[in-house]
Structures are given as structure tokens and as C-alpha cells.
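Work through the following exercises with the model at hand. Each task is followed by a solution in steps.

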Amino acid sequence: MIPLRYNYRNLLVRWRTTLLTAVGFLLVIGLLVIMLAFVRGLSTLAENAGHPGNVIILKDGANDEMFSDINIDDVHRTLFSLWSTDDLVQHDEDGSKWVSFEVYGNVTQELQEHGPDGRASYRIVQVRGIEEPAMAGKVHGLNILPGGRWFSRSGIECVMGKSLAHELNLQVGDTFQPRTGLPPVWQLVGILDSVGSPFDREIWAKREDIGKYFGKDNEEKKQSFYTTIVLRLPDYETASLACKHYRDLPDIKVNAMPEKDYYIKLTENLKTFQGSAIFIAMIMAVGGCFGLMNTMFAAVSQRIKDIGVLRIIGYSKLQILLSFLLESLLIAVLGGALGILAGMSFNGIEQQGQLSAGQGGPGKTVVFKMVVDSQVIRTAFVFTFAMGLLGGVVPALTAMRLKPLDAVR
Amino acid sequence: MKLFKLILKNLARNKLRTSLTALAIFSLVAIFTLIATVISFLNAQMTDQTKDVLSLISDRYRIPSRFDQKYMDDIGKPGGFLNSQLHAVDGFHEDLTNLWQFIVLTLDPSMQDKDKFFFAIATWPDKIGKMTDGLKGFDADGKLANLIRHPPVSGVDNIGIVIGPERLKKLGKKVGDVFKAIAISHKGADGKQVEFEIEIVGLLPDENRWAQVAFMDIEYVSRVLKAVNSDMDGQVNLGWIMTDSQESAQASGGVIESYVTDVKCEPLSAAIGRFIGPFVKILFWVKFVLVPAIFVIMTVIVANAISITVRERRMEIAVLKVLGFAPRQIMALILGEGIFLGALAGELSALVVWGLMNNIKTQIPIFGQFKVPDEALLWGFAAGAVTAFFGSLFPAFTARKVKVVDVFSKVA
């Protein structure tokens, strides 16, 4: 039997050292939880984005709608028949198919507040041109918040994500002019109920407005483009099969994938971020381990006589080893658990991040909430135990090797 | 000096504890140095240059930028309207203008093999070394520019390219090879991908941000795009001007923007700042949460180690007091031990990180080699010393207050 009460009392007696070491653990594990919560939040947003039955069609070779353009003429000539005759594509009672034709892009917005030299400054805004707003809302599972409506085809109107509207300090009825002195002057007629979706920082307006005013159309050649076509099928399996069919079309080359897979692909850049977070945490953990070793070596050197007595009264070498290991684990768990608790307080905090398929460009800016879930907590506990074990094992071995008679002398 | 010798002796007495504390500081300063390098790099990118200021001309609203080449011709060529307007700006030089068109090429007809892709910038060949950030001094004698225009193997004018050695290796080609590449970014009027004939005439410097990129002649690209009636014919993605100072950059930008409303002209640092924008919040967390937390961890570890030392040495401290050491000297001794150990471990850590990272030569896409600056050696020293100072402060204060009577009464 390991002398547990003896260990426990020792930790209390040397409370200052115990506390300082535990604080070190608290900080290391707390930071690890915060970093992982950030990555987890962004990947959770990507995992939850998109409907399982949605298929996204882009230009051949494009993995990001930012780099896609499909000539509208090609769509009408070749692609349109795909869904117009396919009964599997979800449709309303009036027969209208759940297909959304979109042109997406990043544009620079000229800011009203000019710099000290009087010249304009800019910020990047995400815009999405839509053919049928209500249908796009259905396909993407988005509604307009009470008090607003979808933009009409006749007016110069737009709707925008809740987060963007909040940042721009705009409300329904306000106007928004991205290009100073130039059209369009959009009237904001609705705010998307988009929190937690990848559309929370987007402006949705007529496809023609985006094409014409933000260079998505080729006016010289009278060509217009969609970047993205999204259609709704019953489920993920049907969507996957349809994608294979679309990719193998003989007349037009397109890249089609289930919308779920598309957003997973957009988390490519997160792998680097996650790797960096783990790397930073590991190096900090090494520092924490050395700190713990210091504490445990001091504990061993202060208690050499105690160890000798314990050995003489019958405790085995293994029990001494386990006793000191347990003591280091207790400190680690105390600090680690507090670190996890501290990290958990960051759960749900809103952050901004970027999703990118790694094809270049500024990526897709999204608003997400940091997530401390069981996976993050598990990783933090594994770190805590590993640090506790690594920091305690060498001092515990030193304690185990002490010869009883030498120790009590 | 005597105090310093005493500090060294004391640290050498418990080598295990000294080593463990030093190792803890070492690892934490290492991570701090890496983070500080990233922050300083990003800050440098967003900091305005004071001379030879590179300004970026791009489409005012569209991303990816794309505008008429005629504007750049008008800016750069003598006799142009904009050129004559810009002549009035002090610090503007018409020969320091440039343009870029981006082309994504592949050697794989099925366009699937990522290793066969390469990114090319079509530009004026003699501006590659003069006007490219990070390539200053490259091709100073203009030999490569001449080879790009008159490639020796094929003899076809303007088809030469210079390419980064890393990308060339992946493509499985060598200097002198002539081959055809498909532009996945460019289509002709018939909807087919545009094909370019290419001769590799030289290499870009290794260990550079351009190690994965190729530069080709805009004249050749324009020729091909015109022949296939591509919508990119007569278009460029970016334009550049280099001016003497921030003032001349602002003035030139003002002239360009007032006459060409389709484009914006701003110092490169401002453009980079906008693209880094979404990461500003993350940088805030790194600067004001992660870095301070690393400092606190180091302080706690040092505080713990020095506290243990002071507790174990109460008797010794009492003896020193009996021998005439003043409380402030005792405090200086303990503080000195901590600071010396922290500064030494911090400096060693920064030195190792600096040496390792600058020898491994890790490449970051677009930004080039991840280089730890020489100033990092100072950061490591300062980080170690400052945290050790704060970590040792309380234990040193405790040591100062050790009462001789209390210590010896317990012994008695």
C-alpha cells in the first residue's frame, strides 16, 4: 500500500512550492486549452457548415469559390438540364427546384474615414451575387431576421450577415455604398440569421450588381459568370454520387463536391495552425516538466531520512517510486484541472478566423465561437498526465534508489 | 567581483537544480523567440519604408485585382498623360514602374498532379531585380533579362523564364529545357486553356520567398493572349511604382488615383496590412495573452527554484549576516543568482534558436525563409533576465529578512 496520507500531508506542508508548481501547470494547460479551443471552434464551424444533401459546383480545378468562374451561357446550355429533369433534386410544390446560382467574391470597400493625407483607405468585404434570394436562403438553410425581408429583383437592395451588419453598424433601412461616389448604393432590407454559419460576414445582393460593379462580368465580351452553383439532393450519399456524375460530364468540365466536403477542404490552413498550437504547448510543457522536476527533487532531498524510515518499516522500492510519482501527478492534476477550468471560461467567446483551401488569396473570413469540448479537455488531460509523469519519474527513481541505512544516517 | 564569484559558486553547488531551472527557461525563451520573430516579421511587413518606397497599384474594388495595362503604360512611358503629371512629383522615377500578370501553369495535361503546377509572374524582364521586393540586386548586369528576351536554345524571342530552384526540381526540368505548359488560369476565346512554350534560362536565388515562383516576359504572354483572343489580353493584375520617400509615394498615389478611378495606389505595407486584417485579433491574443503567459510561467518556475534554494540555505544566509553581510547584499546575492541564470539560459536559448532556424532555412509560402533576426539574441537575454529578476524578487526579499536569532535558536 502506497503511503498516500504521507504524500498528501507533504504537499500541504510544502504548500508554497506545491502552489507555485501547480500555477505553472495551470498556465501551460490553460494556454493549451485556449489555443485548441480556437482551432476547434473554427473546425466546428466548417464541420457544421453546409447541408449534407447540398452539392456545390465550381470551375474545374477550383477548390475554392473564390477562384471559380463558370460562364452563364455554359450553365444554361449544358448544365441546366442536369437538375431541371432530375426528380431527385428537391423542389417546391410549384415545381421550382432548390438550386442557387451565385457569384462570390472579395471586394475592397472604400472607407469614409480617410487617412491623414486625405486619401482613401480600404477594407476587404465578402459579397455574393444571388439570382433568387429566397431560394438561396432555402438551399443554405438561412432565414431573414424579423423586421427584414429578402431583397427584391427590381430594387438596389441587399441583405447581409448579422456579424457584418453589427460591425458596419447598419440596420434594416440604412444604405450602404461600398464604392464612394459610385453605384451601387444598396439599401439594407434584411439581416441574415447567419450566426455560426460561413455566411455571417457576407453581403448578398443581385447577381447582376456584383457582376457589373465588382468586375465579375466581362463587359467587353458581354460575358457573365457564376462562381458557384448549389443544389439540394436528398442526402449525402445521393450528393456524392451526383458529384461523380457531374465531374464526368462530356461537354463541360466542372468540379462538383458535396457542400460538406467543400467546407472540410477549406480547413486545410487549420492544420498548420493546429500543429503550431500543439508545438507551442509541447515546448511550454517541457518547461513545465523541468519546473516540476525541480520541485520533486527538492522534495526528495528534504525527505531522505523519511524515505529511509519508510524503507526500514517495510515499504518496498516500488511503493516509494509510486509514492513520489503519485505526488508529482497530484500537483500536475491540481494545476492541470485548474488550467482546464480557466480555459473553459473561454468557451463560446467570439473570434474571427479564415477558411482557405490553400489556393492563395485572402481566404474566407468567418466569425466563430471558441469551443472547449470533450476532445479539447481529453487532450489537455493527456498533456497534464504526460507532464506529471515525465516531471516526476526521474526524482521518483532517485528516491527509489536510496539505500535505507545510508538515508537515515 | 566577489559577489559575482559567490553567485557562480552558489549556482555550481546544486548543479541539478541550476540545470533544471536553466532548461525550463531555455525551452520557454525558445518558444518566445519564435513567436517574437513572427510578430516582428509581420510588423516589419506592415511598417512603412522611409526610402525606395514600393507602392502597389491594384483594381480599386476587385479581388483578385485586374485592370487595363494601358494605365501602366501611361504611367511608365514618357509622353503619356499620367507620366507627364507624375513628373511634377518629387521622387517619382518613370523607369521605376512595373507590372505583373499572374499565370498558373502546369506540365500535366490532366491538370491533376500538384507537383507539375507552377506559379508564374509575367513582367518586364529588366524589372525583376530592380522592382521585386526581396530580389534587390538580382540580375544586376541584365544578362538574365536579355536571355529571357532572347533564349539561346529555342531561339524564339521572349519565351525565356527564370524559376526558383525548388520548383524547378519538382518539375523535373533543368536550365536549357524547352517545353510546353498549359495555363490553367487563362482561356482563349474558344474556351480552351492557353498553351505557352517555355525555355528555362536561369534560376532565381535559393532560400528566397521566390524559390517556388517563375518570372516570364509580359511581351510573350501578351502575344499569345492576343493570338487566342483571351479576355486577359491587355490586362494586368498588379502594377508597381518605386518612389524615393513616403511623401513621394503618397503624392504619386494621389495623382494616379485622381486620374484613374479604376485603380488604387498605396504603399505595399498598407496593402499587406489589409490582407493581414483578419488575423489582427489572433495577433492581439498572441501578443497580449500568449506572450505574457509565457513570461509568467518563466517567472513562476524561477520563483519556485529560488524559493527552494532560499529555504534550504537559511542557515548559510544567517552565517553570512553574522559575518557582516548587509541585508541588501544578501538580496543582491539571491537576485544575482536568479538574473545570471535567467540571462544566461535565455541568451543560450535565443542563440540555439537563431542558429538552428537560420540553418534549417524553413520556407513559408509567399513570405519566404523563416529567418530569426539578429536582435533575437538580445530578446532572449532580456526575456531570461527580466523574468528571472521578477521570479527572484520575492525569495530575495525573504532571504533579506532572515533573522539570525531565529535560525540559530532552532539549531540550538
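**Exercise 1.** Which element gives the largest share of the nonpolar patch?

Solution. The model is predicted: local features need pLDDT of at least 70, side-chain atom pairs count only at pLDDT 80 or more, and totals for chains, interfaces and linings use all residues. Residues are numbered from 1 along each chain as its sequence is written, chains are lettered from A in the order in which they are written, and side-chain values use heavy atoms, with hydrogens and water left out.

Step 1. The surface patch consists of B:M315, B:V319, B:V322, B:L323 and B:F408, together about 440 Å² of accessible area (Shrake-Rupley, 1.4 Å probe).
Step 2. Its largest share, 3 residues, is from α12(B).
Step 3. B:V322 lies in helix α12 of chain B and is exposed at 56% relative accessible area (exposed is over 50%, buried under 20%, partly exposed in between).

**Exercise 2.** Find the buried residues of α12(B) and say where they lie around the axis.

Solution. Step 1. In α12 of chain B, residues 314–322, the buried ones are B:I317, B:A318, B:L320 and B:K321.
Step 2. Seen down the helix axis, these fall within an arc of 160°, so they line one face of α12(B).
Step 3. Just after α12(B), B:G324 has a positive phi of about 110°.

**Exercise 3.** Compare chain A with the globule rule.

Solution. Step 1. Chain A has 13 helices and 13 strands.
Step 2. Its radius of gyration (over C-alpha atoms) is 30 Å, well over the 22 Å that the rule gives for 409 residues, so chain A is more spread out than a compact globule.
Step 3. The C-alpha trace of chain A spans about 95 × 55 × 35 Å along its principal axes.

Methods: Buried means under 20% relative accessible area, exposed over 50%, partly exposed in between (1.4 Å probe, protein chains only). Helices (H or I, at least four residues) and strands (E, at least two) are DSSP runs, numbered from the N terminus. The arc is that of the directions from the helix axis to the C-beta atoms. Patches are made of residues with over 30% relative accessible area and no salt bridge: like charges are joined within 9 Å, nonpolar side chains (Val, Leu, Ile, Met, Phe, Trp, Tyr) within 5 Å. A salt bridge is a side-chain nitrogen of Lys or Arg within 4 Å of a carboxyl oxygen of Asp or Glu. The radius of gyration is taken over C-alpha atoms; the globule rule is 2.2 Å times the number of residues to the power 0.38.
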